[in-house]
Every structure is written in C-alpha cells, then in structure tokens.
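Have the viewer open as you read along.

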Amino acid sequence: MLFMPTCKEAAALLIANEDRVISLTDRTRMRLHLRACKTCPNFERQLLIMRNAMHQWRNYTEDAPQNRDETLESRAP
Amino acid sequence: MPAQMSISFEQQLVAHRDYLLKFARLQLRNESWAEDAVSETIVAALGKPQSFGNRSQLKTWLVGILKHKVIDIFRMNARTVAVESNPDTGYAGDDLDGLVFKANGHFAQPPADWGNPEQDLQSQQFFLILEACTEKMPAAMGRVFLMREWLELSSNEICKELGLSPTNLYVTMHRARLRLRECLELNWFGTRPGLP
C-alpha cells in the first residue's frame, strides 16, 4: 500500500535523491506526491537549480565561463 | 632562458594563492590547515612545472593539486575531524525541518518559483552569495557538503574519510541542502537584486 507522503517526506526524498539511490517504492511515492502537490514541484526545481549552480561554481574561474548543462536525472551516489 | 621562465612561473603560482586559499578555507574550516594545503600545493606545482602545458589551464591544474592536498590534511587530522563531523556532537540542534515545515508536514512558507535562472548563474554576485551561504554552515556540515560538492567524493568515500555512518552523512547532507535553499531564497531569489 502506497500512502501518500507529506510535503516534508517528499522533500526529504527529493533531497536524498541528490546523494543516494532511493528505493523504487520511495521514488514512486515521491512522484505520486509531486503529481498531486502544487508547491513541491517548485522545491524539486529549486534543487535542480542548486545542482546546476554547484556544478557551475565548481568549474567557475574568472577567466573562463563554463557551459552548464545537467538534466533532472539523479547523479551517481 | 630557463631561469627567467622559472621566475615567471613562480609569480604566476603566487598570483593564484588567494583563489586557492578561498577554497581551502571553505573546505577545511581551519585557517592553519588551509594555509598548509595551499603552501603544499604551490611547492608541489613548483616541483613539476613541466606537467602543466597550457597557461590558461594553470588554475584548474592548481585546484586539482589542492584537492589532493586537502584530502591528505583530512587524513592527517582524522581523529579531530571525525569527532567534529558527528551531527549528534558536532552541531546538535541545527535542524531546519521544524522551521521549514509545519506539524502537519506542509511547507510553512511554500517554496518560491526561482524562475529560469540562466542569468543568475552567469553572475559573479550570485556565486559570492552561494559561497557566503556555504561559509555560514557550521564547520562540520560545511566540510561534508563541500566534500560532496567541491571534492566530488562519493557518499562512501566521505563516510570513510570522516568516519561517518551513512545515516549521519545523509542527515548532514539533508540539513546542508535545506540550509542552502533557505539561504539562496532569502538572499538571492527572494530579493532579485537585478529586478525592480
């Protein structure tokens, strides 16, 4: 039985997804919540922006602006 | 003239000192460790000027050496670092969940639409804010966060280097990412200095 997670739980899963592989059950619950929730898609998008920003920052040098290009897919843990 | 070349190489290295020190400080959170890491980076670079070919890539090359020196320093101070890294002892009570979420699990303040921040990510000011947000994290949290985001170590490697359990690592990363989000929303995306 897949109980609908709260925003807090969905957000925790979204964050965890940045650093480790989450279970298929958790991933499904997270997706279900995101489909039903009005606010959490913004949170997901913010995490993606942060991921791109950190990527950009890592490669940032004053003399060479880098290309930034990442997808919504999770990184390797 | 080899003598002239080596002098100019040395000057080039020293010119990058402050840049390297900024990253070393952010990652190590210890002034003397940071200075050691940068000195050792410059000494190592001086010892093998032939291994860097392209002048424009000098900074990248130096940062690569620095990352190895930083990990060496973490290993040399493993015991101190391990004690400070435990979220139960290192920064107990630093938990944003209670502020970000209401008791029923909803957001206290719904996450804002950050738009399509292509321009933000071109702005030097944005990265200054990002660095300030990272710097404001408690030392132990900042170390873990930057090991992931700057050193690009895997979760397993970070646990090994810091003597952390996977649970403690994920708790720390959870708090760090929530904090960074709050800080960026508060200091950049909420204010949008470029817009009227």
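Of the 77 residues in chain A, 22% are buried (20 or more other C-beta atoms within 10 Å of a residue's own, with C-beta atoms placed from the backbone). This is a predicted model, where local features need pLDDT of at least 70, side-chain atom pairs count only at pLDDT 80 or more, and totals for chains, interfaces and linings use all residues. Residues are numbered from 1 along each chain as its sequence is written, while chains are lettered from A and ligands numbered from 1 in the order in which they are written.

Chain A has three helices and zero strands; helices (H or I, at least four residues) and strands (E, at least two) are DSSP runs, numbered from the N terminus.

Now for the interface: 29 residues of chain A are in contact with 29 residues of chain B, contact meaning C-beta atoms, placed from the backbone, within 7 Å. On the chain A side, α3(A) gives the largest share, twelve residues. That side divides as follows:

| Class | Residues of chain A touching chain B |
|---|---|
| Nonpolar (Ala, Val, Leu, Ile, Met, Phe, Trp, Tyr, Cys, Pro) | 13 residues |
| Polar (the others, Gly among them) | seven residues |

## A helix pair in chain B

B:Val144, B:Met147 and B:Arg148 in α9(B) meet B:Ile158, B:Glu161 and B:Leu162 in α10(B). The residues of this contact divide into four nonpolar, no polar and two charged.

Conventions: Contact = placed C-beta atoms within 7 Å. Buried ≥ 20, exposed ≤ 12 C-beta atoms within 10 Å, placed from the backbone.
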